[in-house]
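This briefing sets out the architecture, packing and surface of the protein shown below. Please read it alongside the sequence and the coordinates.

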Amino acid sequence: MSEWARTLVVGAGGFVGATLRYTLGGLVSRAASPEFPWATQVVNVSGCFVIGLLAVLTEERGPVSPSTRPFLMVGVLGGYLVTVEKATVIFYRAGEPPAEP
C-alpha cells in the first residue's frame, strides 16, 4: 500500500472515530451530571477496552489486511480518543481542578 493510500485510510478512520466520539460524548453529556466529565470518562474507558480487544483479536486471528489495522487502531480509535483530555484543559483554564472519581 502506498503512503498516500495509507494516509487516506487513516484519515477516513479518524473521521469515523471523531464522529463517534462527538455523538457518544453528546449523548452522555445530556444524560449525566455536569459536575464530572462523564463523557470523557465513558470515551476513555470504552476506547481503551476496544483497543485492547482489537489488539488481542488481530494477534490471535492472525494477520489482518495492511489497511485494516491502521484504519481501526490509528484512524478510528485515534480519532475517538485524541481529544479526551479536553475536559482537563477546560478545568485547568477555569482554575478548577478536575473532579476525582
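Helices here are DSSP runs of H or I with at least four residues, numbered from the N terminus. The model is predicted. The protein has 4 helices and 0 strands, and its pattern along the sequence reads α-α-α-α.

**Overall features**

- Of the 101 residues in the protein, 25% are buried.
- The accessible surface of the protein is about 7,100 Å², and carbon and sulfur atoms account for 68% of that area.
- When contacts between residues at least 6 apart in sequence are considered, 70% of them join residues at least 24 apart.

**Helix H1**

- Helix H1 covers residues 3–31, and its 29 residues should span 42 Å at 1.5 Å a residue; the end C-alpha atoms are 42 Å apart, which agrees.
- Its buried residues are Val9, Gly13, Gly17, Arg21, Gly25, Gly26 and Val28.
- These buried residues of H1 pack against H2 and H3.

**Helix H2**

- Helix H2 contains 23 residues, and the distance from its first C-alpha to its last is 33 Å, close to the 33 Å expected at 1.5 Å a residue.
- Buried positions in H2 are Ala39, Thr40, Val43, Gly47, Leu54 and Thr58.

**Nonpolar core**

- The largest nonpolar core consists of 6 residues, namely Val43, Leu54, Met73, Leu77, Tyr80 and Leu81.
- At least two residues of this core come from each of helix H2 (38–60) and helix H3 (68–81).
- The most is given by H3, which supplies 4 residues to the core.
- Leaving aside residues up to four places away in sequence, the core residue Met73 touches Ile51, Leu54, Ala55 and Gly78.

**Nonpolar surface**

- Phe49, Val50, Leu53 and Leu57 make a nonpolar surface patch of about 330 Å².
- Phe49, one of the patch residues, lies in helix H2.
- Phe49 counts as exposed because its relative accessibility is 57%, and the cut-off for exposed is over 50%.

Definitions and conventions
Residues numbered from 1 in each chain as written. Predicted model: local features only at pLDDT ≥ 70, side-chain atom pairs only at ≥ 80, totals over all residues. Heavy atoms only, no water. Core = buried A, V, L, I, M, F, W, Y, C linked by side-chain atoms within 4.5 Å. Buried < 20%, exposed > 50% of the residue type's maximum accessible area, 1.4 Å probe, protein only. Contact = heavy atoms within 4.5 Å. Patch = residues over 30% accessible without salt bridge, like charges linked within 9 Å, V, L, I, M, F, W, Y side chains within 5 Å. Areas by Shrake-Rupley, 256 points an atom, 1.4 Å probe, with all protein chains shown as cover. Salt bridge = Lys/Arg side-chain N within 4 Å of Asp/Glu carboxyl O. Expected span 1.5 Å × (residues − 1).
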